[in-house]
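Here is a short briefing for a reader meeting this structure for the first time. Take a look at the model, then read on.

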Amino acid sequence: MLVAVFEGKLEKDEGRCCVINDSKSPFFEEGMDEKLKKAVQDGLLTATSDPSKISECNIFISAIGTGVLEDGTPEISDIEALDNLISSRLDVGDTLILKTTLPIGTTEKIAKRISDSSSLKLDDELFVAFCPERIVEGRAMHELEFLPKIIGGVGPKSSSRAAEIMEILGGEIVIVSDSKTAEMCKLLDNAYRMTRFGFSADIASVAWRNGIDAYEAINAANFHYDRNNIPLPSVGVSGYCLTKDPYYLNAGASELWSERGFPSTWISARRAADMQIEEAVERITDELERLSGKRIVVAGATYKENVDDFRLSHGREIARKLIEGGAEVIFWDPWVSESSIDEIAVSSSNDCIQDSDCIIFTVPHTEFLEWNNDKVNLESMRTGLIFDGWGIISNAPDFVKLIGTGRPK
């Protein structure tokens, strides 16, 4: 059994191939380095950018990235180009498994195009299924082995064939009626989470305007009350999936929202979460009286804690808005190896807070939680303003003005 995996954007990346074939991971994921090294050294894994190698494989797994346009329209041009790459290289009995977030019905369309191009009969000579990727960064290797695998084929034989392949990874197999149902399952995961986070975002706004600590209120409401599981608010919700998946689910019934005159709950939640960024910048500006000439440290360039992935992060969006207002911005992020992001310098050390006017915490990295214990270099700030976007800071000294998401006026 030879497997071809298409990952990221549908383009050649010789550098990444070289890194993988050198038994090194191109990004951090706990536990992956050891497994990758063994697979490469045992001859079980080879990365290549040579399209001719595709014809040697009989199983194809696609994790090609998708995105959204500025208006929220799904952008899936890379994965739509997949049929041009593989159609002429397929043989009878080959299997294609799509794992990327897709608008509902996309798997069926891609399968039909590939079937037409290759002249292979669907669900008889060519098997196509959707199996949503549901792992979370930081726990990917564990969840890959233990999470249930949802599978929906374009026909029953495709579902069975995909199930045989995916059960090798571990976890229970859940076969649903068709690929459209499986696509929707993926979108439900993140749209549901987004809805919960958006709820907390609006609670934070209400609490702020009424002089209430949102963290205190939510913790009390959740305490030993099984019917509640309200998330704590944060200054932003971002990342590769939560940013786009609500829009993909929305696209499944775009005419409905127009007909009824109000948006879906998950799109409203997405907008509510985004408003926390606006409110944070507004409150910082009010406290400093102006942004021009101010030096601000954005503590957290990544989209979540303890990962090195800064794609579509709310920290970057906050930094951009602060710069637009005239501020000098630096990232403090011990998880990012790059020396700069968006032409903004990145520091791995808390030394960067020296002579700063404000620190805004955007993610709860372990290093930030540990820093809270002794607050090293805090006294070296020029203006002692901290915007705590995650409830990180406790027992702030008297010379610090502490504000933040969910904190009262």
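Start with one lysine: Lys186 counts as buried because its relative accessibility is 5%, below the 20% cut-off for that class. Keep in mind that this is a predicted model.

**Lys186 and its surroundings**

- Lys186 is part of helix H8, which covers residues 179-209.
- Leaving aside residues up to four places away in sequence, Lys186 touches Thr101, Phe130, Pro132, Glu133, Cys241 and Asp245.
- One of these contacts, Asp245, is itself among the buried residues of helix H10.

**Helix H10**

- Helix H10 spans residues 240-250.
- Eight of its 11 residues are buried, so H10 is largely enclosed by the rest of the structure.
- The buried residues are Leu242, Thr243, Lys244, Asp245, Pro246, Tyr248, Leu249 and Asn250.
- Their cover includes two strands, E3 (67-68) and E4 (74-75).
- Helices also contribute to that cover, including H8, H11 (254-260) and H12 (265-288).

**Helix H7**

- Helix H7 runs over residues 156-166.
- Its buried residues are Ser158, Ser159, Ala162, Ala163, Ile165 and Met166.
- Viewed down the axis of H7, these buried residues fall within an arc of 160°, so they line one face of the helix.
- Strands pack against the buried residues of H7: E2 (59-64), E5 (94-98), E6 (126-130), E7 (149-153) and E8 (173-175).

**Ser62 in strand E2**

- Ser62 sits in strand E2, one of the strands that pack against the buried residues of H7.
- The relative accessible area of Ser62 is 0%, so Ser62 is buried.
- Ser62 and Leu98 are 36 residues apart in sequence.
- In space, their C-alpha atoms are 4.9 Å apart.

**Two loop residues with positive phi**

- Ser23 has a phi near 65°, a positive value in a residue other than glycine.
- Ser23 is found in the loop between helix H1 (14-21) and helix H2 (32-41).
- With a relative accessible area of 16%, Ser23 is buried.
- Leu312 is not a glycine either, yet its phi is positive, at about 55°.
- Leu312 belongs to the loop between strand E9 (295-299) and helix H13 (314-324).
- Buried or partly exposed: which is Leu312? Leu312 counts as partly exposed, because its relative accessibility is 47%.

**The whole chain**

- The protein chain has 14 helices and 15 strands.
- Its radius of gyration is 24 Å, close to the 22 Å that the globule rule gives for 409 residues, so the chain is as compact as a globular protein of that length.
- Along the principal axes, the C-alpha atoms fill a box of roughly 75 × 55 × 40 Å.
- Of the 409 residues, 48% count as buried.
- Among contacts with a separation of 6 or more, 69% come from residues 24 or more positions apart.

**Surface and charge**

- The protein chain exposes about 20100 Å².
- How many positive and negative side chains does the protein chain have? There are 43 positive and 68 negative side chains.
- The centres of the two sets lie 2 Å apart.

Methods: Residues numbered from 1 in each chain as written. Predicted model: local features only at pLDDT ≥ 70, side-chain atom pairs only at ≥ 80, totals over all residues. Heavy atoms only, no water. Buried < 20%, exposed > 50% of the residue type's maximum accessible area, 1.4 Å probe, protein only. Helix = DSSP H or I, 4+ residues; strand = E, 2+ residues; numbered from the N terminus. Arc of directions from axis to C-beta. Contact = heavy atoms within 4.5 Å. Rg over C-alpha atoms; globule rule 2.2 N^0.38 Å. Areas by Shrake-Rupley, 256 points an atom, 1.4 Å probe, with all protein chains shown as cover. Lys, Arg positive; Asp, Glu negative; His and termini not counted. Charge placed at Lys NZ, Arg CZ, Asp CG, Glu CD.
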